[in-house]
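This briefing goes through a predicted model, taking helix packing, strand pairing and confidence in turn. The sequence and the coordinates are shown just below.

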Amino acid sequence: MVALRCGVVLSMLVLAIGCGPTTLQVRSTPPGATVMVDGNAVGTTPTPAKFDFGKKSFYEVSANKVGYIGASQTVASGSAIAKRGYVNFDLIPDQAYTQTTVSDAANNWRRIQVDKQFDKAAAWQRMIDSVTTRYSNLEQMDQASGYLRSVGLTRTFRTPGRGEFSVRTYFIGTIAQAEPLVYKVKIVSERSEVPGMWEPYDRVFTGDQELIDELQNRLGTK
């Protein structure tokens, strides 16, 4: 009887330990990804993360790193991941990231004070010349107000296992101040992972930044 009771107690103890908090290592290739467990940040890879399967049978773990496509996995009690003691992410490079750059003109107005040697007509023509070098098609243009809007340029990228996503940009410029003459310009940049649904993107294509720099050099005060 004593042996039986001891066996029962031991079994209950093992069961309690198995249902208690478990620490798993979260890794990624490359390292340095931000790890979230059920939306809560726990560190950057490689990092330990605690899972209490006694309270919850599964957790959602994600890894995100700038320049790479974010990934997530479900870690469940008794799963192969839980048994092996670690969660591993092989992050895929974000193709859009390598073809874009940070710009203060991405979805933000940037002001260019026009050099006094250019009157309104000359400044307008210079802006048209520069913009059409980058965007061959214009959607709206009005010389009186200095308003100019291009047709968007869209590039579609394919990511293994994640399908396609697109990035599009277009130029908007208008007169912000008549005297002295000041233009405000920006590149509207958007990203879509679901057809027809666009969200602001904080990067622009390299050609867009080159256009902003060219406008500053051709129109701005020296």
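Against which strands and which helix do the buried residues of H5 pack? They pack against strand S10 (100-102), strand S11 (110-113), helix H4 (120-134), S15, S16 and strand S18 (203-205). Two of these partners, S15 and S16, return below as antiparallel neighbours joined by 11 bridges.

**Helix H5**

- The buried residues of H5 are Gly207, Asp208, Gln209, Leu211, Ile212, Leu215 and Leu219.
- In general, residues three or four places apart on an α-helix point the same way, because the helix has 3.6 residues a turn.
- The length of helix H5 (residues 206-219) agrees with expectation, because its 14 residues, at 1.5 Å a residue, should span 20 Å and its end C-alpha atoms are 20 Å apart.

**Pairing around strand S15**

- Strand S15 (residues 163-177) pairs in the antiparallel sense with strand S13 (residues 147-150) over two bridges, and within this pairing leucine 148 stands opposite glycine 173 in S15.
- Strand S14 (residues 153-159) is also an antiparallel partner of S15, with seven bridges between them, and here threonine 156 stands opposite serine 166 in S15.
- Strand S16 (residues 182-194) runs antiparallel to S15 and is joined to it by 11 bridges, while four residues lie between the two strands in the hairpin that they form.
- Serine 166, which stands opposite threonine 156, also stands opposite serine 192 in S16.

**The sheet S3-S2-S5-S7**

- Four strands, in the order S3-S2-S5-S7, make up an open sheet whose pairing is antiparallel.
- Strand S3 (40-44) and strand S7 (71-76) are the edge strands, each of them pairing on one side only, and from one strand to the next the twist averages 25°.
- Within this sheet, strand S2 (residues 34-37) and strand S5 (residues 58-64) run antiparallel and are joined by four bridges, with valine 35 standing opposite alanine 63 in S5.

**Confidence**

- The mean pLDDT of the protein is 89, and 90% of its residues reach 70 or more.
- Confidence is lowest in helix H1 (residues 2-19), where the mean is 42, and highest in S13, where it is 98.
- Over residues 1-18 the pLDDT is below 50, and this stretch has zero contacts in the model beyond near neighbours in sequence.

Technical notes: Residues numbered from 1 in each chain as written. Predicted model: local features only at pLDDT ≥ 70, side-chain atom pairs only at ≥ 80, totals over all residues. Heavy atoms only, no water. Pairing = 2+ DSSP bridges. Axes fitted to C-alpha atoms, helices over the stretch in contact; angles between N-to-C directions. Expected span 1.5 Å × (residues − 1). Buried < 20%, exposed > 50% of the residue type's maximum accessible area, 1.4 Å probe, protein only. Contact = heavy atoms within 4.5 Å. pLDDT = per-residue confidence, 0-100.
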